[in-house]
Amino acid sequence: MLIRAVLHRIATGLVTLVVVSVLIFLGTSVLPGDVASIILGQMATPESLAALRSTLGLDQPAYLRYFMWLGDLLSGDLGISKAGSGAGTGGTPISEMIAPRLANTVHLAGAVALIAVPLSLGLGLAAAARAGTRLDRSITLTTLGLVSVPEFLVATALVLVVAVYLGWLPATAYVSGTETGTALLKALALPTLTLVVVASSQIIRMTRASVLNVMSSPYIEMAVLKGLPRRRIVLRHALPNAVGPIVNVIALNLAYLVSGVVIVETIFAYPGLAKLMVDAVQTRDLPLVQACAMIFCSAYIVLVFIADLASILSNPRLRYPR
Amino acid sequence: MSPPVDSPSDISHSQDGSRERPIRRLRFSTAGKTGIAVILFWSAMVLVGPWIAPYHEAEFLDEALFIVPGLDDPYPATDFQPPGAVAWLGTDYLGRDTLSRLLYGARTTIGISLIATLLAYLIGITLGIAAAAGGRVLDSSLSRLNDAVLSMPTIMLGLVVISAYGSSLPVLIALTSVIYASSVFRIARAFGLDIMVSDFVDAARVRGEGLGWIIRHEVLPGMILPMASDFGLRFVYIILFLSGLSFLGLGVQPPQSDWGGMVRENLAGLPYGAIAPLVPALAIATLTVAINLVVDDISAHHGGKLAGEII
């Protein structure tokens, strides 16, 4: 039964991925203002536009272009970045552009996850264990404030304090790829810190809520009435039932990092995948936008799937789809 | 046409409601009251901001205003000036008055967000009820499509659409309302399904009411209240989303002022300690935190009432 439920989720995830690819393709490809007119710019004549469109394959019907694009994508060919190509120069393969950027983003996200997850679990559990006390109230208020302000405020405030007034770290995070050791750490520090603050406050709030939710259930009351020590109640009775929701929270918030990454990479000029995508949006480099969006959405769907899996494993009732 | 049948709304309105079911009055905490005050303040600014603004949003302040008597400098710098008598909140990177731009921007930022939220609710509730009341095929096709929209990070969807259509106010509003309609849809559908299988809807059906009547008189009134507190949260998300887009340079386009955009255009002043990028960011923060405080109070009230009914 468990395997069937998991297979069911995998199938749903795959279907969602296909629908997402259609949406991404539709969102960009059926629209006016294609790359041909951008490449030619002011030199465009109707004839040269038509000629360039047919060499780029832009004159095919939309559904054919979708299957061509999907087939290329599945075989690992992400296509050619069109805006990079002058008249007849061929452009840059997108996979070459993406690989180093993806590595940078994975470094950033990995560093954030390594710091944010233990930190916010600790704080969330502490707040839940001492619910109603001053510690709990200060954690709750701080995180409420932090989740309701835009990421760029957190980032600018950190730059102002750490880089401008204290002068400890550089205000931008340009990485050329040759940095090692301290230089790399210094460049990564501020973007990581910003994302840790943003992601942690979400995880703390949801961890606290899910533990409190478990703690308010009747069997915990029963355990209290039996006179069990508080330590034993939290560790033996509450925690096993809160693990699923908490893993769920962590996976969901790592997925949520996707949007945080876009803002943070832009603000610090960090050469990651999200910055590449924002630049591609500004130059209307549609193939590049599509490729980046597919990577981000796949990562997001995988993380949401993990969250789902965690809740299935921890709650047997979810194994039987109604 | 048909004898009156008791539905929950009939009961509470029939006689003196306070006797049958004591309705606990919504009491706001200090934090909630502060939130309401801040929200009222910004609503007033949306209405009168452009009239009380000392300058126009696109007006470059004259150098003559910044001449310091005694200093022999006929051409003083006007950009990134600290707060003073001429410009209460200083000037921005082009020497425009930050306070004026903030007041004009209130109308843009809050106005667009509000329109987008209302539109998202209109779309979400309409489709949600359609899915709940319209049969299995409609329900599952709408739900699958909705899952796909929900499974994309909002900012990605925004970037893809803006890369295709460019950025203009109609595109921004349509994009935002469609993205956030998907979460409204999910809630509205859940409530709608719940209500559609309730006894009072069965009763209405049995006495021969049409689907339209049932939706208008039973389903809609039943979901309005719980969805109202969601409205506040959704509004906050939309403000943050639109400000994020503006911050990336993909939202409201200059010279129109908009809080997210104001942060972006003045970022260059940050290393010199200019407050121009901080003021609009703090404005966004005050509004969103205020809404969250009020929503927290309201949902605590609901929670309390629910718990009271269960016990």
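A:D279 is partly exposed, because its relative accessible area is 29%. Here buried means under 20% relative accessible area, exposed over 50%, and partly exposed in between (1.4 Å probe, protein chains only). The model is predicted: local features need pLDDT of at least 70, side-chain atom pairs count only at pLDDT 80 or more, and totals for chains, interfaces and linings use all residues. Residues are numbered from 1 along each chain as its sequence is written, chains are lettered from A and ligands numbered from 1 in the order in which they are written, and side-chain values use heavy atoms, leaving out hydrogens and water.

**Salt bridges**

Side chains of opposite charge can pair when their charged atoms come close. A salt bridge is a side-chain nitrogen of Lys or Arg within 4 Å of a carboxyl oxygen of Asp or Glu. Over all chains the count is seven. Three of them are listed here.

| Pair | Closest N to O |
|---|---|
| A:D279 and A:K275 | 3.2 Å |
| B:D139 and B:R189 | 2.6 Å |

A:D279 and A:K275 are four residues apart in helix α11 (residues 273–282) of chain A, so about one helical turn separates them. Helices are DSSP runs (H or I, at least four residues), numbered from the N terminus. A:K275 is buried, at 18% relative accessible area.

In chain B, B:D139 is buried at 12%, and B:R189 is partly exposed at 24%. B:R207 is partly exposed at 21%, while B:E209 is buried at 12%. B:R96, B:R101 and B:E265 form a network of salt bridges.

**Met68 of chain A**

A:M68 sits in helix α4 (residues 62–74) of chain A. A:M68 is partly exposed, at 44% relative accessibility.

Notes. Helix = DSSP H or I, 4+ residues; strand = E, 2+ residues; numbered from the N terminus.
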